[in-house]
Amino acid sequence: MISARLVGPGDVELWGPVRGLAAELGPLGAALDARPPAAIGLGTSADEVKGLTEYFVLAAAEPVVPLTANEHSEIRGLVRFGEVRVPNPAFVELLRWAEAHGVPVEGLDPSEERAASLFADHIGYVELVRRTVRERRVARSPPVTPTPDAYALAWDGAIARGRGSRALAAARDRHLVDGLRRLAADRGRVVAVVDRERFERVRELYAAPDSGRPGSA
């Protein structure tokens, strides 16, 4: 688990748990209890926040979650470090904590429609083919690393190293940072949680004065 107080507007603490790893929940829960935020921002869409709340926080029983072949392979490599849960347990537990404490949660990622537009803008045919090949390759042979942090970074790096994929990830994170700046201005103290592989880029973008403006890098 990695965390940092962000340099920039407001009082924002950023956390980057490894997606799926149950062991990451303890430090995050302890931090929330020790210094409760006025709001929580999640690195997922508003629709996903709504779905997770409805089906995994408020429901009497959790539904079965089907996995893609790629997700199954990612979990197969990650399980060496401990219990793995789906959907992302960090997001689910944060939503449960927020529900119990009356703290608002906002999904900061683009909507499905906007995400599709960003994908079309940045991922051309050649990059799409290369990305698919990289996904199949890493699915057949997940990275072997000494720590879960290194695993998350290696997995993402194996798939998203192409120029178009990097541009897409940066555009997605600029959208998140723009929303996070607004949330901090409205609410004061904010805890933001993103998947581990997004942590450094979000931290850098938040510290850059122009990071939230359309077309900025």
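The following questions and answers look at how features of this predicted model come by their descriptions.

User: Why is Ala38 called partly exposed?

Analyst: Ala38 has a relative accessibility of 32%, and because buried means under 20% and exposed means over 50%, Ala38 counts as partly exposed. Ala38 lies in the loop between helix H1 (25-34) and strand S3 (39-42), where, leaving aside residues up to four places away in sequence, Ala38 touches Val103, Pro104, Arg187 and Arg189.

User: What makes strand S2 mostly covered?

Analyst: Six of the six residues of S2 (residues 11-16) are buried, a word that stands for under 20% relative accessible area. This holds for both faces, with Asp11, Glu13 and Trp15 buried on one side and Val12, Leu14 and Gly16 buried on the other.

User: How do you know that S2 pairs with S1 and with S5?

Analyst: Two strands pair if there are at least two bridges between them. Strand S1 (residues 2-5) is joined to S2 by four bridges, the two strands running antiparallel, and Ile2 has Gly16 as its bridge partner in S2. S2 and strand S5 (residues 189-193) are linked by five bridges in the parallel sense, with Ala192 of S5 as the bridge partner of Leu14. Both pairs therefore meet the requirement of at least two bridges.

User: What lies between S1 and S2 in their hairpin?

Analyst: Five residues lie between the two strands of the hairpin, and Gly8 in the turn has a positive phi of about 145 degrees.

User: Why do S1 and S4 stand at the edges of the sheet?

Analyst: The open sheet has five strands in the order S1-S2-S5-S3-S4, and its pairing is mixed. S1 and strand S4 (105-107) each have a single partner strand, so one side of each is left without a neighbour in the sheet. On average, with direction ignored, neighbouring strands of this sheet are turned by 20 degrees against each other.

User: How do you know that S3 and S4 pair, and in which sense?

Analyst: S3 and S4 share three bridges in the parallel sense, and because at least two are needed, the two strands count as paired. Ile40 stands opposite Val105 in S4. Helix H4 packs on the sheet, touching S3, S4 and S5, and its direction makes about 160 degrees with that of S3.

User: Which residues of the largest nonpolar core touch the most other members?

Analyst: Ile40, Leu42, Leu94 and Val193 do so, out of 20 residues in that core. At least two residues each come from H1, S3, helix H2 (46-57), helix H4 (89-101) and S5, and the largest share, seven residues, is supplied by H4. Another core, of 19 residues, lies apart from it, with Ala39, Val177, Phe199 and Leu205 among them. In soluble globular proteins, nonpolar side chains tend to be buried together.

Note on methods:
Residues numbered from 1 in each chain as written. Predicted model: local features only at pLDDT ≥ 70, side-chain atom pairs only at ≥ 80, totals over all residues. Heavy atoms only, no water. Buried < 20%, exposed > 50% of the residue type's maximum accessible area, 1.4 Å probe, protein only. Contact = heavy atoms within 4.5 Å. Core = buried A, V, L, I, M, F, W, Y, C linked by side-chain atoms within 4.5 Å. Axes fitted to C-alpha atoms, helices over the stretch in contact; angles between N-to-C directions.
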